[in-house]
Amino acid sequence: TVTARVGTTEFTKDGKAQPLDVAIYTKNGYTMLPLRAAVKAFDREPTKVDWNAGEKEVTILKGDVYFQMKAGEKKMLYGDNPLETSGELEIVNGRAFLPMRDWAKTFGAEKILWNDETKTATLKGSYTENRGR
């Protein structure tokens, strides 16, 4: 289980706090997490994150699997397969952010819940090495 509360500088993974150096925010109704933190939340093996500033493109390499996203686009590549995303990779103050919902799809979370009262998003389920359903 991963939870992220808007306006805070931490998220939880399986009940353990994971500190962030920037606050979680919302954009167009989506909870935005800093990309490196999201990678850490789902990490089960060493993962490499590369940033190409000229192309405004990030590549996440996890074993033999890679994801590639460009700022301002509502899609990503999963290996050679294009995937639609709910929101865009966004660059804020030199940091890359991605909607939490897209991480849920990408890593196969079983469900995502939103608590409007506490402004908290929760991902539940088992996260797979391969993209989920």
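This is a predicted model: local features need pLDDT of at least 70, side-chain atom pairs count only at pLDDT 80 or more; totals for chains, interfaces and linings use all residues.
User: Why is Ala-71 called partly exposed?

Analyst: Ala-71 has a relative accessibility of 25%, and because buried means under 20% and exposed means over 50%, Ala-71 counts as partly exposed. Its place is in the loop between strand 8 (65-70) and strand 9 (75-78).

User: What makes Lys-56 a contact of Ala-71, and which other residues does Ala-71 touch?

Analyst: Contact means heavy atoms within 4.5 Å, and Ala-71 touches Lys-56, Leu-89 and Ile-91, when residues up to four places away in sequence are not counted. Ala-71 and Lys-56 are 15 residues apart in sequence, while their C-alpha atoms are 5.6 Å apart in space.

User: How do you know that strand 5 is mostly covered?

Analyst: A residue is buried when its relative accessible area is under 20%, and four of the five residues of strand 5 (residues 30-34) are buried, so that strand is described as mostly covered.

User: What makes strand 4 and strand 5 a pair, and in which sense do they run?

Analyst: Two strands pair if at least two bridges are found between them, and strand 4 (residues 25-27) and strand 5 have three bridges, in the antiparallel sense. Tyr-25 has Met-32 in strand 5 as its bridge partner, and in the hairpin of these strands, which has two residues between them, Asn-28 takes a positive phi near 50 degrees. Strand 5 also pairs with strand 12, again antiparallel and over three bridges, and there Pro-34 stands opposite Phe-97.

User: Why is strand 3 said to stand at an edge of its sheet?

Analyst: The open sheet consists of five strands in the order 3-2-1-14-13, with antiparallel pairing. Strand 3 (16-19) and strand 13 (111-115) each have a single partner strand, so one side of each is left without a neighbour in the sheet. Neighbouring strands of this sheet are turned by 20 degrees against each other on average, direction ignored. Strand 13 is joined to strand 14 (residues 120-124) by five bridges, with Lys-124 in strand 14 as the bridge partner of Lys-111.

Methods. Residues are numbered from 1 along each chain as its sequence is written. Side-chain values use heavy atoms; hydrogens and water are left out. Buried means under 20% relative accessible area, exposed over 50%, partly exposed in between (1.4 Å probe, protein chains only). Axes are lines fitted to C-alpha atoms, for helices over the stretch in contact, and angles run from 0 to 180 degrees between N-to-C directions.
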